[in-house]
Amino acid sequence: MMKLSRQFTVFGSAIFCVVVFSLYLMLDHLQLDHTKSPNGGDRLQNGQLSILQDKIDRLERLLAENNEIIANIRDSVINLKESVKDGRGGPDSGNMSQGPYPDLLVSPPLVLPIDSQDCQFAARQFSKPADGVQLLDVYDLLTFDNPDGGVWKQGFDITYQENEWDSEPLQVYLVPHSHNDPGWLKTFDDYYRDQTQHILNNMVVKLNEDSRRKMIWSEISYFAKWWDNIDNQKRDAVKSLVERGQLEITTGGWVMPDEANSHYFALIDQLLEGHQWLEKNLGVKPQTGWAVDPFGHSPTQAYLLKQAGLANMLIQRVHYSIKKHFASQKTLEFFWRQNWDPASSTDMLCHMMPFYSYDVPHTCGPDPKVCCQFDFKRLPGGRVSCPWRIPPQPITDVNVQQRVQMLLDQYRKKSKLFRTKVLMVPLGDDFRYTEALEWDQQFQNYQKLFDYMNSHPELHVKAQFGTISDYFGALRKSAMDPGHASLSLPVVSGDFFTYADRDDHYWSGYFTSRPFYKRLDRILESHLRGAEILFSLALANIQRAGKPNGFPSVESYRLLTEARRNLGLFQHHDAIAGTGKELVVIDYGTRSVVIYNPTEQDRMSVVTVYVNTPHVRVDTSHSHPIPAQVSAVWDDATTASTELSFVVQVPALGLGVYHLSKAEEGGAETAQYLFLRQGGELSLSVKHFTVNNPQDDTTPVSIHNPHLQVWSSATTGLMERLKLKEDGSEHRIKVEFAWYGTTSSRDKSGAYLFLPDGEAKMYSPAQSPVIRVTKGSVFSEITTTFDHVTHTLRLYNVQGVDGQAVEICNSVDIRGEFNREIAMRLTSDLDSKDRFFTDLNGFQIQPRRTMAKLPLQANFYPMTSMAYLQDSGTRMTLLSAQSLGSASLKSGQLEVIMDRRLNQDDNRGLGQGVLDNKVTSNSFRLLLEKRAKTDNEKPSPLSYPSMLSHVSSLYLNHPLIPMAVSTEAGSLSLTRFSPLASSLPCDIHMVNLRTIQSKVRDEAALILHRKGFDCALSNRNTGLLCATTQGKIRTEKLFSNLRLGSIAAVSLTLMHQTEGGSSQEEISLKPMEISTFRVQLT
Ligand SMILES: [Zn+2]
């Protein structure tokens, strides 16, 4: 017991410490991707580049301090060792023992045990509801011709009859809002200080002056900061405003997240953070989502808001042609249904704003010249004016009638785009309502207009300030009133990418911009998740051991402050150094490596650590020697250091321990090397390693493992062919690199927009690259060093998941380039035609169609975690460890933009080009799978990855985390730890096990996702030790030494109790479902 507790104290706390840091960094990153409206102040962004530079400098400094920090960690563990010694052989030591299978490799089943019922979900055909709209069909239908629509430039003339509202008046809800972008940390503080706090302070005063006034607020990061700085009296005033319905919190996330690049883990996490804050401090449960600024919208966000218990949502940045079409069909208000939902359980009521922007000129009606005159912040004499050159007028008794007529005309025209006579009109912009004067200008002038409207029944209008939920309440009443059955709203399925705001200005650049941070973000997520889960388990174990006061002790906290820095560094290392390896250095003082498996299935994977000697052996904690490979780390032409790779088996969410020792004989095998350079002599000799001379430098080079064989060109080192050993089939898969330039016209590519100068030009290096071939017992690889890319293809010599895919790593450096973007292109012999598939937020697959009627840049889509293409016999999947933009411009071809360097702003508010490029390491796995042939396969909006693809993606995004532990013989007996009774079912992902600290008793949010998967792909030789169970988990069999004291099904972010198929004894999930359970671990 003691041993368990102590070990957990250190591991749990150490990793927990990273939580705070990770959250901070992740928040930073989400803000990076989230930019300004076209109209809003450029000033927000001005500080960003210098802050980015500071941040990079800081990361680089941290990297330089690495050795010192590693030493600190080692010291921590030496101290830990003393504690652990005390507790050896305690009564519960069995809990730290073997786990469900022995150390030595077992033979996994040849074919995954998948319940045949679990295959039915993905086999289902898509059926469109009667009043349904499928976005893929809309894309087929539209011409994307962009004619001039008159005053509503991207739309059409709207006309109405004067008497249309005679029987039922127009109900107008004017919704005051202020969009507050959380900047970078310093900018966040600056903007809080200069603007946001004044908005909120004035809000309390100005809403209290008149109970008819309303306001909505979204960004909890700002709201929480303000809350910490106000006194109880003001807090009570805010609570009263909420209770009276004058202030509404919308969405309630920590930020308004980007919906293209963010992974669903991060989307859920920031939503949960905001909702938990609201519950604790304000007692508020948001009902309506408000997303006016993300550049394109994902159905994943709709699903998550639905699961969180929200009833309605609003979106804004949608392709102008789609908006126009939806307006003409009166489908701007709809139930957004997930493609994969066989019924209507995911339906989310959604309002799409019809016009160009969320500012006042583009929200009161179709004519911005008129609407601008009703933005009273732009009254003459103020700092902002109307670009249409007709200023607003203060409303007086003299002009009120005429101004009402003007405004009502716009309201009526806008109302014609919707099915009901209830109209929503936003009133706000970026960082609005900072000054008391602005509140008076807007609220007093509008109140005069409303008073006039409401006191003239012949106008047939009822106008008022409202919150967004006030509006949706009225809409529901009107649309769903039994007397109005004909007004029922349509059902829409699909996504709203790729966004264009005008002309050919497609926002596909930001899918890739700053890939360094996109990779960093994914690493942070993986560590944060691991930390959350371990901390929850540690806390429960400590409490079970009856030692809650010792956790965390002052002493361990001091040590762990250093561990926090170190673990923070672990997160940055990959991205900065571009090596793609965990930086664990094994030196003479080290004897053990503790390895954490962040995945929820028992796992066999390769771990690599740096060692300072090639003479080393690896044993399991039970002293069984295991195969290992020592390879050279090629810093330049000659080797500077060595690394050790070995195959480990670690229990689900558990810890494995491996011992390292010096071995002059019979230790790890050294890798063998071969260097090629066409037309050039290369003679190398490296201490400790065998370097062979090529027999013939025109024969393709080849590497293989138990599942695959790869042939690469001897000239470029790039892959040309791939063979599946499963059936002996060979496929042509050619890897190439290509450059995009930017157009010569006035508007050029920038951080958001991709405006290429035509098709890509193939990358051709000035001189033949050096090709290095590594062959070893644990992995083999081919590395080519070009001027701008170091490209590595690696095969792991293991049975199972890691052996089934080709690992691809590109270390990209385009810092010397001018207006260029570099792409990796995979050209295969698959007959995929114009179809391909990308994921949305790592959660679901969205089928895509490449269309000649759209410009090249419109055919790029966000790839958060994977993209694939297929024909009747084969599927080729590129799994990605970072979000990037991807396309399939020709049949059989898949390409990914790796990095972008752009020398100018694209006029979307950033005010800068993209010139802060870092050497960026992008990681992928390439998976080729056999498909069961389907005759007459019709294009469908439904597709799912295979189980192997899901697990490979999980392995890629959640690598094993090795930690070096310094031990002296006999003084410490760390052994493996298996917190789960067994692997979770193959299709169940534990999204998080997050401790909730607001309760008297500690509880945790257990968030589970049941993945949808396609059984029509081969699942042989996956090496997985899991099965599927129709989405059911027996709760008493979940943990090995903990019990679920209580379990309650709740909404995604714990705001509501829910009723579902789950009980105390059994958790049950439907395919694709993400659900949260409030659990008590005892
Ligand atoms: Zn914004």
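**Confidence and local sites**

The protein has a mean pLDDT of 83, with 82% of its residues at 70 or more; pLDDT is the predictor's confidence in each residue, from 0 to 100. This is a predicted model, in which local features need pLDDT of at least 70 and side-chain atom pairs count only at pLDDT 80 or more, while totals for chains, interfaces and linings use all residues. Residues are numbered from 1 along each chain as its sequence is written, and side-chain values use heavy atoms, with hydrogens and water left out.

Over residues 1-106 pLDDT stays under 50, and the model has 255 contacts beyond four places in sequence for them (contact means heavy atoms within 4.5 Å). Residues 553-583 also stay under 50, with 83 such contacts. Where pLDDT is low, the predicted coordinates should not be read in detail.

The zinc ion has H179 (NE2), D181 (OD) and D293 (OD) as its protein donors, at 2.0 to 2.1 Å. Donors are N, O and S atoms within 2.8 Å of the metal (3.2 Å for Na, K and Ca); water is not among the atoms, so sites may look incomplete. Along the chain the spacing of the donors is H-x1-D-x111-D. Both H179 and D181 are buried, meaning under 20% relative accessible area (1.4 Å probe, protein chains only).

W634 sits in the loop between β17 (628-633) and β18 (641-650); strands are DSSP runs (E, at least two residues), numbered from the N terminus. W634 is buried because its relative accessible area is 14%. Its C-alpha atom is 10.0 Å from that of R772, 138 residues away along the chain.

Notes: Buried means under 20% relative accessible area, exposed over 50%, partly exposed in between (1.4 Å probe, protein chains only). Helices (H or I, at least four residues) and strands (E, at least two) are DSSP runs, numbered from the N terminus.
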